[in-house]
Amino acid sequence: MFYMPPYQSKPKGGLKMKVMLDAGHYGKHNKGVVSGYYESVQMWKLHKFLKSALEGYGIKVDITRKTLEEDMHVELRGRAAQGYDLFLSLHSNSYDSSNPDPEADAPYMCVLQDLSWTSIDDISKGLGHKLGETIQNTIGTKQKYKIYQRKADKDRDNNGIMDDEFYGVLKGCRIVGVPGLILEHSFHSNERACKWLLNDNNLKTLAEAEARTIAEYFGIIKLPEKVSKKFKVTALALTIRKGAGANNGVAGYLVKGQIVDVCEISDGWGRLADGRGWIGLSATEEVKEAKPIAIPFVQKKVKVTASVLNIRKGVGISYSKTGVLRKDEVVAIVEEKDNWGKLSDGRGWIGLAYTEVFKQETKPAEQPPVQKKVKVTASALNVRKGAGSSHEVVGWLKKGDIVTIIDEKDGWGRLIDGRGWIGLKYTKEVK
Ligand SMILES: [Zn+2]
């Protein structure tokens, strides 16, 4: 018998599915072979990522413990799933020290014992197969996932039947009638798997894949994606519907060429930002706003050392020529690959072996203009066109004249009024 949960028949607007997640251990427990790995810490992260990924499907998710430091009895964690639709306890595995196998990397899905009086075992096992496959494929384990059932070696509930769960969390969720499973995300005693699990981005990917698998298993459709896009109607006329689907009532029309703002996308339907309803996006095309041309970031400048240097379409001499550079030309390179450089002007690539890094000549800091007043001490002083007595005389100053000098060169000073230069040895600075 396969139990059909109510949310499966009503994926939209029906009952909200509720999941209880449990991170396997608290504090810093169960070191991996890769330094820095603790099962407790990484599985705490993973269950948080899984929580938000499941929430993306509109699933209500709670966790058994508030903080990583908090410990909780295993059976109580399973019992915490009372009233929920699913219980998952997240772990990574380790080989038995008495029988070490550092190569072991199979994801183990520990599922409920086969039970005749309920279907929670069917869900546990059915989902276990799906999640096992997902985890195996996402991590890329060498070994195939395993479905694992472990009976307690005593009659824990004293009902005379030896069918009780060995694992406390599964015992707990079974008591409250909730399908549950323990996910052993490969082995932290396997170096490759441990390294993989130590990467938070990998954990995010894993969480998303698991959430997708769970949602698919329970027939839950992902919540519409929030967007901010423009679409242009390409059909002659386009019906606006009250919901995302052709079976929904008509709410209006759009005509060819109209451009509308869409704020949500769901299964090929877009919700109009103005609130009028939904349109089928297959009868539209997205209007992409022209992006401003980005000014390439110049990483460095190089000077051509070969007499002629070919510019090529790509990295390597097998690419066709798009132009040439001549010796001593200076160009900006925005990207480098295999000792080839991409020109900032977009013409192509050049072999950097025929160039040298161009160092901008460092100009001495510009001198602030000299500004000083001088008094003529000679009885008469020629003003010349340039700084030197060979330059043409363009005027003269008399003794006692005070003038302002704005430039000095080889003992000559340039007059601020632009008339020319005077020999400063015939003057005295006026403070
Ligand atoms: Zn564990």
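Two strands count as paired if DSSP finds at least two bridges between them. Helices (H or I, at least four residues) and strands (E, at least two) are DSSP runs, numbered from the N terminus. This is a predicted model: local features need pLDDT of at least 70, side-chain atom pairs count only at pLDDT 80 or more, and totals for chains, interfaces and linings use all residues. Residues are numbered from 1 along each chain as its sequence is written.

**View 1. The whole protein chain.** The protein chain holds 7 helices and 27 strands. Its C-alpha atoms fill a box of roughly 130 × 70 × 55 Å, taken along the principal axes. The radius of gyration, taken over C-alpha atoms, is 39 Å. A compact globule of 431 residues would have one near 22 Å, by a rule of 2.2 Å times the number of residues to the power 0.38. Buried residues make up 32% of the 431. A residue is buried if 20 or more other C-beta atoms, placed from the backbone, lie within 10 Å of its own.

**View 2. The largest nonpolar core.** A nonpolar core is a set of buried Ala, Val, Leu, Ile, Met, Phe, Trp, Tyr and Cys residues joined through C-beta atoms within 7 Å. The largest one has 57 residues, and Val19 and Leu54 touch the most other members. Helix α2 (residues 39-55) gives this core its largest share, 7 residues. Contact means C-beta atoms, placed from the backbone, within 7 Å. Leaving aside neighbours within four places in sequence, Val19 is in contact with Leu54, Ile59, Val61, Tyr84, Asp85, Leu86 and Leu88.

**View 3. Strand β7 and its two partners.** Strand β7 (residues 225-233) runs antiparallel to strand β10 (residues 259-266), with 6 bridges joining them. β7 also pairs with strand β13 (residues 284-287), in the antiparallel sense, over 4 bridges. Look for Lys232. Its bridge partner in β10 is Ile259; in β13, the partner of Lys232 is Glu285.

**View 4. The hairpin of β24 and β25.** Strand β24 (residues 402-409) and strand β25 (residues 412-415) pair in the antiparallel sense over 4 bridges. Ile405 has Leu415 as its bridge partner in β25. The hairpin leaves 2 residues between the strands. In the turn, Asp410 has a positive phi of about 45 degrees.

**View 5. The hairpin of β25 and β26.** β25 pairs with strand β26 (residues 421-423) in the antiparallel sense over 3 bridges. Trp412 has Gly423 as its bridge partner in β26. Here 5 residues lie between the strands of the hairpin. Gly418 in the turn has a positive phi of about 85 degrees.

Notes: Buried ≥ 20, exposed ≤ 12 C-beta atoms within 10 Å, placed from the backbone. Contact = placed C-beta atoms within 7 Å.
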